[in-house]
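Please read it alongside the sequence and the coordinates.

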Amino acid sequence: MAESVKELPRLKQKYREEIRPALNEQFSYANVMQIPGLVKVVVNMGVGEAARDSKVIDGAIRDLTAITGQKPQVTKARKSIAQFKLREGMPIGCHVTLRGDRMWEFADRLLTLALPRIRDFRGLSARQFDGQGNYTFGLNEQVMFHEIDQDKIDRVRGMDITFVTSATTDDEGLALLRQLGFPFKAAENDPKKATARKRAFTGSKSQIKKQMSRK
């Protein structure tokens with residue numbers, strides 16, 4: 001009986017066939033091993049309410065398992081903080097680290113299904129890189145994922161998602177994620193850059209106040 005050949009995740013195949021050659025052409029690497037790629041994806045869900053209600057962490061674990069297809073690890077408090085009624089060892093969140101095919105499949109679902117379902121979505125900020133080509137962004141709720149049954153949501157939960165890449169600079173990391181299909185905001189649509197451009201013509205807030213006082 002012939003063994004069935006496992007099919008490559010769609011995004012992984014696209015990376016190998018299209019994205020790697022495009023990045024190599026863009027940056028002219030001396031060695032193909034220098035071409036950046038995805039290393040892992042970390043999904044972290046903080047649950048501060050778990051300090052007051054231990055059942056809350058169970059809901060977070062259930063949601064994160066459904067979203068990622070992998071059982072999360074529980075994050076526990078490292079020290080006690082009396083004003084927050086927090087004791088050392090209490091569960092305060094959960095996280096999942098995805099690698100290999102599961103990482104590629106999650107990234108594909110996130111980019112093609114989940115992000116487009118966000119209401120009034122205007123794109124991701126390109127300012128969230130860490131200086132070494134790794135990118136983190138936050139989501140305010142879990143309802144945009146198809147794996148979540150909206151009728152069974154006990155409460156809204158946000159999460160942080162970190163894409164760890166083998167890029168050595170933010171420019172390389174940005175180029176990789178753009179090729180993968182990350183919907184980054186255009187520079188002209190970034191409100192922070194628009195404010196900076198406006199101030200370049202009108203001056204800072206303090207300068208504007210001085211001009212108004214002279215009039």
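## Overall make-up

The model is predicted. Its chain contains six helices and five strands, arranged along the sequence in the pattern α-β-α-β-β-α-β-β-α-α-α.

Of the 215 residues in the chain, 35% are buried. The accessible surface amounts to about 14000 Å², and carbon and sulfur atoms account for 48% of that surface. When contacts between residues at least 6 apart in sequence are considered, 65% of them join residues at least 24 apart.

## Helix 1 against helix 3

How do the axes of helix 1 and helix 3 cross? They come within 7 Å of each other and cross at roughly 100°. Angles from 65 to 115 degrees count as roughly perpendicular, so helix 1 and helix 3 are described as roughly perpendicular to each other. Helix 1 contributes Arg10, Leu11, Lys12 and Tyr15 to the contact. From helix 3, which spans residues 100-114, the contributing residues are Asp101, Trp104, Ala107, Asp108, Leu111 and Thr112. Sorted by class, the contact holds five nonpolar, one polar and four charged residues.

Lys12 belongs to helix 1, which covers residues 10-27. Is Lys12 buried or exposed? Its relative accessibility is 16%; since buried means under 20%, Lys12 counts as buried.

Leaving aside residues up to four places away in sequence, Lys12 touches Asp101 and Trp104. Both of these partners are on the helix 3 side of the contact. In sequence, Lys12 and Trp104 are separated by 92 residues, while their C-alpha atoms are 6.0 Å apart in space.

## Aromatic pairs around Phe129

Ten aromatic pairs are found in the whole structure. One of them joins Phe129 and Tyr135, with 4.9 Å centre to centre and 45° between the planes, a tilted arrangement. Phe129 has a relative accessibility of 13% and counts as buried. Tyr135, at 0% relative accessibility, also counts as buried.

Phe129 forms a tilted pair with Phe184 as well, at 6.3 Å centre to centre and 35° between the planes. Which parts of the chain does the pair link? Phe129 is in the loop between helix 3 and strand 4 (135-139), and Phe184 is in the loop between helix 4 (170-180) and helix 5 (191-202). The pair thus links distant parts of the chain, 55 residues apart. Phe184 counts as buried, its relative accessibility being 12%.

## The ring cluster

Which residues do ring pairs link into a cluster? The members are Phe129, Tyr135, Phe137, Phe163, Phe182 and Phe184. Among them, Phe129, Tyr135 and Phe184 are the buried residues described above.

Notes
Residues are numbered from 1 along each chain as its sequence is written. This is a predicted model: local features need pLDDT of at least 70, side-chain atom pairs count only at pLDDT 80 or more; totals for chains, interfaces and linings use all residues. Side-chain values use heavy atoms; hydrogens and water are left out. Helices (H or I, at least four residues) and strands (E, at least two) are DSSP runs, numbered from the N terminus. Buried means under 20% relative accessible area, exposed over 50%, partly exposed in between (1.4 Å probe, protein chains only). Contact means heavy atoms within 4.5 Å. Accessible areas come from the Shrake-Rupley method with a 1.4 Å probe; for residues, only the protein chains shown count as cover. Axes are lines fitted to C-alpha atoms, for helices over the stretch in contact, and angles run from 0 to 180 degrees between N-to-C directions. Angles under 35 degrees count as roughly parallel, over 145 as roughly antiparallel, 65 to 115 as roughly perpendicular and the rest as oblique. Ala, Val, Leu, Ile, Met, Phe, Trp, Tyr, Cys and Pro count as nonpolar, Asp, Glu, Lys and Arg as charged, and the others, Gly among them, as polar. Rings of Phe, Tyr and Trp (its six-membered ring) pair if their centres lie within 6.5 Å; planes under 30 degrees apart count as stacked, over 60 as edge-to-face and the rest as tilted.
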